[in-house]
Amino acid sequence: MSVLVPTSLDGALQALADHPDATVLAGGTDLMVEFNGGRRRPSDVVVVNRVPELCTWRHDPVVGTLRIGAGVTYAEIERDPIATWVPALAQAARTVGSPQIRHAATRGGNVGTGSPAGDGLPVLAALDAVVELTSAAGVRTVPFAEFMVGPKRTSRAAGELITAITLPVLDGWQGYTKVGVRNAMVIATASVALAVSNADAGVAIALGSVGPTILRCPEAEALAAQHADFTERRLAADVVVECGRLAAAASRPIDDHRSSAEYRRHAVGVLAGRLLRRAFPHE
Amino acid sequence: MSDPGNLVYTLHVNGEARDVRDAWVGESLLYVLRERLGLMGSKGACEQGECGSCSVLVDGNLVCSCLVLAAGAVGQEIVTIEGISPGAPSDVQQAFVDAGAVQCGFCTPGLVMAAHSLLERSPQPSEMEIREELSGNICRCTGYGRIIDAVQRVAVARRGDA
């Protein structure tokens, strides 16, 4: 039993190579709940929140991408400059837990936990984010949609470390919204991220907490893109209503202790319509 | 949490090096502070980051100590409620007394830590900002009005001092 606290990326990869079955702990805001509750009994733990290479971001204005290191916290994501580049992600970050949680919780940890209710995840799905995984053997990248394969199940292999997430910096409106039992400190009952790309005349909509993974709704996206006026930011009211219905139809919610499937399906349709109206405020 | 453990490490708490022995790998900082180091100021209630009563500063960042792996905090500067103003109440603590922001007192250490952290980052917060910044600290007695009042009193007093 050991706790390793590497202070370099090489050190972290070596620790994982030596202990491929170790529990990787970043901010601790998910895993410590399981440790405290006795639901997980760690043997070896590799703590990765003191690896400087993971705690940086890089904006590439030429390619139009933002690479966020896995160790960047939600407190940093909710502020400028990241908030300027990916406002939907900043909005999602601001709804995560409390200031205490956001000071600790990391971009990579959220992806690694892979909860369908994770606030950061619908934004990654809507933006077609790419997950970068690094091991002693090298680096590989996986589209987020392929990375998250089920509730709290990902395609991360033993010995691999999530090192970064890369997102496009788009030119259109984007946002995130969720419902829960109250405004603060709440796990989403249903959530939606929406991102507009004016350059591509595209609308992306991703749903959280209403399926085993984050779900996209291609039918609603196509209908909105077909009818939207991207220059004037116009979309007819009846199209917004229909897109909400299609988003609800694309959801695959379950009944659990937080909500009924029926409420989740209804809520996600309302949220999708609400975000469409913000993206296209004119009829 | 009575698992046998074999970890030996040193934490820096309130400016002092504190040795921890025979610890289990999964122990939270909250547990180590209270049960191994005798620092009872940080309170344990939910142990899942919901209530904020265990709030401490780690390298200057306000966090829930129940969600910090103690053995992972080696080399970091930890400040608990005991270290915020040794010997005499801080201005925030005094303002909590003056405003009547304390009833049973269980949430108070966490709220004092959160208020100090807020006023460091934003010396003149709006009421909305205070509410959002203190949203991770649950009080079941006072209803928050007097707590917000206490934070505002400190903001006014500090502005006067400047």
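1. Two residues are taken to be in contact if their C-beta atoms, placed from the backbone, lie within 7 Å. On that basis, 25 residues of chain B are in contact with 23 residues of chain A. Strand β4 (residues 61-64) of chain B gives the most to the side of chain B that touches chain A, namely four residues, where strands (E, at least two residues) and helices (H or I, at least four residues) are DSSP runs numbered from the N terminus. By class, this side of chain B has 11 nonpolar, 11 polar and three charged residues; Ala, Val, Leu, Ile, Met, Phe, Trp, Tyr, Cys and Pro count as nonpolar, Asp, Glu, Lys and Arg as charged, and the others, Gly among them, as polar.

2. The model is predicted, and local features need pLDDT of at least 70, side-chain atom pairs count only at pLDDT 80 or more, while totals for chains, interfaces and linings use all residues. Residues are numbered from 1 along each chain as its sequence is written, and chains are lettered from A and ligands numbered from 1 in the order in which they are written.

3. As for the overall form of chain A, a compact globule of 283 residues would have a radius of gyration near 19 Å, and chain A agrees with this at 19 Å; the radius is taken over C-alpha atoms, and the globule rule is 2.2 Å times the number of residues to the power 0.38. Along the principal axes, the C-alpha atoms of chain A fill a box of roughly 60 × 45 × 30 Å. Chain A contains 12 helices and 14 strands.

4. Of the 283 residues in chain A, 55% are buried, a residue being buried if 20 or more other C-beta atoms, placed from the backbone, lie within 10 Å of its own. When contacts in chain A between residues at least 6 apart in sequence are considered, 65% of them join residues at least 24 apart.

5. An automatic or database domain assignment is the source of the domain bounds, and for chain A it gives domain 1 (52-168) and domain 2 (175-279). The centres of these two domains of chain A, taken over C-alpha atoms, are separated by 21 Å, and their contact takes 19 residues from domain 1 of chain A and 23 residues from domain 2 of chain A. On the side of domain 1 of chain A that touches domain 2 of chain A, the elements giving two or more residues are α5 (87-94), α8 (121-126) and β8 (148-150) of chain A, and α8(A) provides the largest share, with five residues. That side divides into 13 nonpolar residues, five polar and one charged.

6. For chain B, the assignment gives domain 1 (7-84) and domain 2 (91-161), whose C-alpha centres lie 22 Å apart. Here 13 residues of domain 1 of chain B are in contact with 12 residues of domain 2 of chain B. The side of domain 1 of chain B that touches domain 2 of chain B receives two or more residues from β3 (55-58) and from α2 (81-84) of chain B, and its largest share, three residues, comes from β3(B). Its residues divide into seven nonpolar, five polar and one charged.

7. One open sheet of chain A has three strands in the order β1-β3-β2, with parallel pairing, strands being paired if DSSP finds at least two bridges between them. Its edge strands, each pairing on one side only, are β1 (2-4) and β2 (23-25) of chain A. Three bridges join β1(A) to the parallel strand β3 (residues 44-47) of chain A, and Val3(A) has Val45(A) as its bridge partner in β3(A).

Conventions
A residue is buried if 20 or more other C-beta atoms lie within 10 Å of its own, exposed if 12 or fewer, and partly exposed in between; C-beta atoms are placed from the backbone.
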